[in-house]
There are 2 protein chains.
Amino acid sequence: MPELRRDPIIGRWVIIATERSRRPGGFSLNREPQGTVPCPFCPGNESKTPPEIWAVGQKNRVPNQPGWTTRVVPNKYPALEIEGDLHRSSEDLFAKMDGLGAHEVIVETDDHNRQLEDLDDARAVDVLHAWRDRIVDLKKDKRFEYVLVFKNRGASAGASVAHAHSQLIATPMVPIRVKQEIRGAEEYHEQKGRCIYCDIIQAELDKNERVVEHNDDFVVITPFASRFAFEMWILPRVHATDYDQMPESSYVSLAKILKKALTRLNNVLDMPPYNFIIHTGPLKTNGLAHYHWHIELMPKIVHTAGFEWGAGFYINPTPPELAARYLRDALPDK
Amino acid sequence: MPELRRDPIIGRWVIIATERSRRPGGFSLNREPQGTVPCPFCPGNESKTPPEIWAVGQKNRVPNQPGWTTRVVPNKYPALEIEGDLHRSSEDLFAKMDGLGAHEVIVETDDHNRQLEDLDDARAVDVLHAWRDRIVDLKKDKRFEYVLVFKNRGASAGASVAHAHSQLIATPMVPIRVKQEIRGAEEYHEQKGRCIYCDIIQAELDKNERVVEHNDDFVVITPFASRFAFEMWILPRVHATDYDQMPESSYVSLAKILKKALTRLNNVLDMPPYNFIIHTGPLKTNGLAHYHWHIELMPKIVHTAGFEWGAGFYINPTPPELAARYLRDALPDK
């Protein structure tokens with residue numbers, strides 16, 4: 001019998017296949033060709049992107065010249081644009097506003113042939129710092145309510161350039177998915193006086209069935225109501241609302257565990273396309289007792305079909321307990 | 001400047017590209033091979049599916065033998081299973097129940113090489129009747145709260161068999177997407193005393209910018225806050241909550257306009273993969289003043305990426321006004 005499972009935070013239901021569970025070999029991955037030649041993100045091609053906003057690299061390097069190792073630039077084809085005011089207009093049913101926002105690309109490495117998980121810890125920490133620093137900077141712009149950091153790898157996950165990169169979009173409203181989480185978490189907090197994410201972490205560690213890995217600062221789980229096969233969440237073990245407010249040591253710890261999570265995924269599914277996103281607190285809140293930042297890592301190995309779009313609930317062919325077992329075994333301890 | 005548009009019913013925001021809008025030629029369609037040989041849905045292969053539940057065809061034909069033109073069978077690999085009770089269990093955070101439900105396949109034609117839009121009107125009406133009759137029948141099973149009818153065409157829209165077919169899933173709860181629509185529509189009705197869908201239809205007909213087609217009974221629009229390029233909605237012009245309660249003449253009228261909408265899509269985008277879904281009233285309600293059944297038709301020509309998954313708002317590269325123009329022109333009037 002398949003199982004219907006309810007996400008405890010937002011109430012989304014997921015159908016988990018149990019009898020005909022799909023194991024790693026059971027997916028046919030769609031590996032479409034990718035990438036523009038010459039690569040706009042390679043050193044020497046800095047003029048192919050808008051001027052940089054942030055970079056680390058050699059001391060005394062000239063901006064927009066080689067010598068960087070991580071570099072942030074505005075997206076050349078932005079989904080939202082930085083210039084302008086919030087013109088709201090509403091003719092009856094049709095509310096709209098100018099597509100004001102920021103859309104930036106974090107080029108994660110100068111090496112075209114390395115992925116985020118291949119970087120050494122210090123370089124991976126640079127990427128995590130880039131996300132943090134850009135959130136901190138965009139927070140100063142009072143037109144923005146949220147910054148969503150995300151990464152698409154592989155064409156079927158929406159990536160159009162193969163060179164390792166992540167992105168962020170600053171928006172003039174809090175995205176509905178984040179609002180739903182905050183609302184669900186707030187209700188739980190009102191009833192129980194505790195953070196639901198903290199309770200989930202404790203329950204998962206106690207149960208130890210869906211824990212992929214943990215270190216002192218973070219835990220990686222395959223969530224109970226995983227939407228996608230081999231979905232993972234990475235959560236800070238101590239309650240924290242805002243990604244950008246972590247102590248320095250946590251970025252190092254996160255870099256290590258994120259790289260390992262991606263390596264596990266590569267080992268189990270042979271470099272699948274994936275998305276990950278950071279869900280952190282809205283820019284104009286500060287340390288909510290009920291909201292806990294986290295990363296959601298979603299392999300894109302099954303096509304989302306009519307039922308999912310129409311119902312808003314998902315069919316997941318791989319039970320998260322089985323996925324956790326494969327992912328744990330994919331990297332032996334130490 | 002791109003535009004941020006708010007869906008008037010559920011409040012979902014969409015980013016609509018305006019300056020670099022993508023026209024029909026600007027999409028690279030993913031046409032993966034599809035289909036099992038021999039085709040399990042072709043006449044003569046009836047034994048490859050579970051025994052039929054519903055069929056039309058030659059008088060006095062023997063069930064599960066050729067002679068049918070439309071045929072409904074249980075899905076051989078069901079997402080939910082029909083046998084069993086609703087065992088609910090909830091250990092703290094982790095609520096689940098048995099995956100009880102029905103999952104059926106509507107084989108739309110006996111001809112392997114015809115699509116739904118190629119059928120003559122009477123055969124297309126048979127398909128619409130199959131959806132209706134199955135909803136009416138499943139409604140008798142008090143364990144079910146909802147029947148979602150949907151169609152996936154093309155591998156990247158989730159179809160695994162090329163032979164024209166649609167599906168339905170009966171679920172023991174109302175799907176969250178339908179709940180959100182009903183909730184939004186109910187709020188509007190409380191404030192204005194009118195159905196929001198009726199108001200949208202009137203506003204669209206008045207404005208005539210996003211209307212693709214209308215006949216006496218139905219209207220086809222590209223919705224104001226379309227999530228997907230060339231998304232279309234088909235709505236009954238007169239308020240009606242339940243797909244299965246339409247007068248007979250409406251099924252004929254719907255068959256004609258649905259076939260034309262699909263043909264428009266084929267003409268504009270050269271047989272793109274798509275999903276469509278029917279959003280109708282929950283099984284245990286009867287004629288809600290605020291909820292209006294409709295079809296949502298979603299071409300799958302752009303990969304959904306991290307931002308959409310993480311934010312729950314969508315980036316649509318083709319403004320619906322532009323899409324409507326192409327779709328209108330794709331089939332000359334009469």
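Author: Happy to! Let's begin with helix H1 (residues 121–139) and helix H4 (residues 248–269), both of chain A: their axes come within 9 Å and cross at roughly 110°. Here helices (H or I, at least four residues) and strands (E, at least two) are DSSP runs, numbered from the N terminus. Axes are lines fitted to C-alpha atoms, for helices over the stretch in contact, and angles run from 0 to 180 degrees between N-to-C directions. H1(A) and H4(A) are therefore roughly perpendicular to each other, a label for angles of 65 to 115 degrees (under 35 is roughly parallel, over 145 roughly antiparallel, the rest oblique).

Which residues meet? From H1(A) come Asp121(A), Ala124(A), Val125(A), Leu128(A) and His129(A), and they face Tyr251(A), Val252(A), Leu254(A), Ala255(A), Lys256(A) and Lys259(A) of H4(A). Contact means that the C-beta atoms, placed from the backbone, lie within 7 Å. By class, this contact has seven nonpolar, one polar and three charged residues. Ala, Val, Leu, Ile, Met, Phe, Trp, Tyr, Cys and Pro count as nonpolar, Asp, Glu, Lys and Arg as charged, and the others, Gly among them, as polar.

A word on the source: this is a predicted model, where local features need pLDDT of at least 70 and side-chain atom pairs count only at pLDDT 80 or more, while totals for chains, interfaces and linings use all residues. Residues are numbered from 1 along each chain as its sequence is written, and chains are lettered from A and ligands numbered from 1 in the order in which they are written.

Now for the two chains together.

Where the chains touch, 58 residues of chain B are in contact with 58 residues of chain A. On the chain B side, these are 32 nonpolar, 13 polar and 13 charged. Strands pair if DSSP finds at least two bridges between them. In this pairing, Lys96(A) stands opposite Arg5(B) of E1(B).

Terms used
Contact = placed C-beta atoms within 7 Å.
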